[in-house]
Amino acid sequence: MNNISESFDVGRLAAALEGSMFGKNIIFKETIGSTNVFLKELAKEGATEGTLVIADEQSAGLGRLGRKWLSRKGENLLFSVLFRPDLAPEKLFVLTMIFALAGVKAVHEAGGFEAGIKWPNDIYVETKKLGGVLTEFSVLDGKIQYVVLGMGLNVNWRPPAEITSKYGTTSILKETGVKISRERLLISLLKHLGRYYGIVSSKNQDSAVFYERWNEKSVLLGKPVIVQMGNDIIEGEAAGIDRDGALSVVTADGEKKIRAGDVSVKIVNGRRDA
Ligand code: BT5
């Protein structure tokens, strides 16, 4: 077992992930621009499903809509995985769901606390952001060519006060006071993810359990929210998500479905920015 302060070891990861879809093609970079950008290039060149890219540091880490993802070298999890699912493009959100759920489960096992999920792509602890998922994909003639899922998860980082107050950030270390092995956390997360993906891709198994779990973990459910989509603003109470991953918001004019995309959701009187 690796020591907590050690970096990632591809051989050790491959051994721990043997038999899993993520054990076959693992790429580790000490420094990279963005693991998502790199993996998208590999995907276009034909990389196999399950390819995993991990970095100790990103010089241009990305959030959604070109936002920045911040991290300090060697302290957090920054990685991306490649899927080539046989799913209709409108069902793709289930992958973001299982990725975030695998993150929450691994955090619980490693840190002993329950994190929540903020639709569409954040991992939260109460009002603080612990991690985020970036889902990028390509569709050709109605068929998904690839999906790259990237996650930034704050592990052994003590975010400086100005970052915490600006973004409302937290980390596993900040929540528990204990440093943990990033590699072990990653292994456990990927084992859960592989299992969940098996269920999602199987024609004989139902993904309903993930929608239920997602709603159970939702920090939005039942809360008054303001949703901003471009210039449109919708106010109401957040309800659950439907089978296409759209969030229902109950407004004075009835129920509105908000599709995951270029939206920002704030809890009224809270500080949760998307
Ligand atoms: C996300 O975007 O939350 C998705 C973040 C995905 C990052 C991973 S790292 C590995 C892979 N490679 C990449 O290049 N990206 C992925 P979004 O919902 O747009 O949130 C971005 C916002 O979160 C920023 O504008 C800040 O407000 C805040 N933020 C930035 N860094 C943070 C951090 N380390 N912890 C918490 N919040 C952060």
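A polar contact is a pair of N or O atoms within 3.5 Å; within protein, one atom must be able to donate a hydrogen and the other to accept it, and residues adjacent in sequence count only if both atoms are side-chain atoms. By that criterion serine 181 caps the N-terminal end of helix H6, with a side-chain oxygen 3.3 Å from the backbone nitrogen of glutamate 183. The model is predicted, so that local features need pLDDT of at least 70 and side-chain atom pairs count only at pLDDT 80 or more, whereas totals for chains, interfaces and linings use all residues. Residues are numbered from 1 along each chain as its sequence is written, and side-chain values use heavy atoms, with hydrogens and water left out.

**Helix H6**

- Helices (H or I, at least four residues) and strands (E, at least two) are DSSP runs numbered from the N terminus, and H6 covers residues 182-201.
- The expected span of a helix is 1.5 Å times one less than its number of residues, so the 20 residues of H6 should span 28 Å, in agreement with the 28 Å between its end C-alpha atoms.
- Of the 20 residues of H6, 14 are buried, where buried means under 20% relative accessible area, exposed over 50%, and partly exposed in between (1.4 Å probe, protein chains only).

**Ligand site**

- Around the ligand there are 28 residues, of which Ser34, Leu62, Arg64, Arg67 and Leu70 come nearest; a residue is near a molecule if one of its heavy atoms lies within 4 Å of it.
- A ligand nitrogen lies 2.8 Å from a polar backbone atom of leucine 62.
- Taken alone the ligand exposes 790 Å², of which the protein buries 96%, the areas coming from the Shrake-Rupley method with a 1.4 Å probe.
- Helix H2 (35-44) and strands S3 (77-83), S6 and S7 (143-153) each supply at least two residues of the shell around the ligand, and the largest share, four residues, comes from S6.

**Threonine 51 and its contacts**

- Threonine 51 lies in the loop between H2 and strand S2 (52-58), and at 0% relative accessibility it counts as buried.
- The side chain of threonine 51 makes a polar contact with the side chain of asparagine 25 at 3.0 Å, and reaches the backbone oxygen of threonine 48 at 2.6 Å.

**Loops and backbone geometry**

- Most residues other than glycine have a negative phi, and most peptide bonds are trans.
- The peptide bond from tryptophan 119 to proline 120 is cis, with omega near 0 degrees, and proline 120 is found in the loop between strand S4 (116-118) and S5.
- Glutamate 126, in the loop between S5 and S6, has a positive phi near 50 degrees and is exposed, with a relative accessible area of 57%.
- Threonine 127 has its place in the loop between strand S5 (122-125) and strand S6 (128-140), and is partly exposed at 39% relative accessible area.
- Aspartate 141, in the loop between S6 and S7, has a positive phi near 50 degrees and counts as exposed at 77% relative accessibility.
- Lysine 24, in the loop between helix H1 (10-16) and strand S1 (26-32), counts as exposed at 67% relative accessibility.
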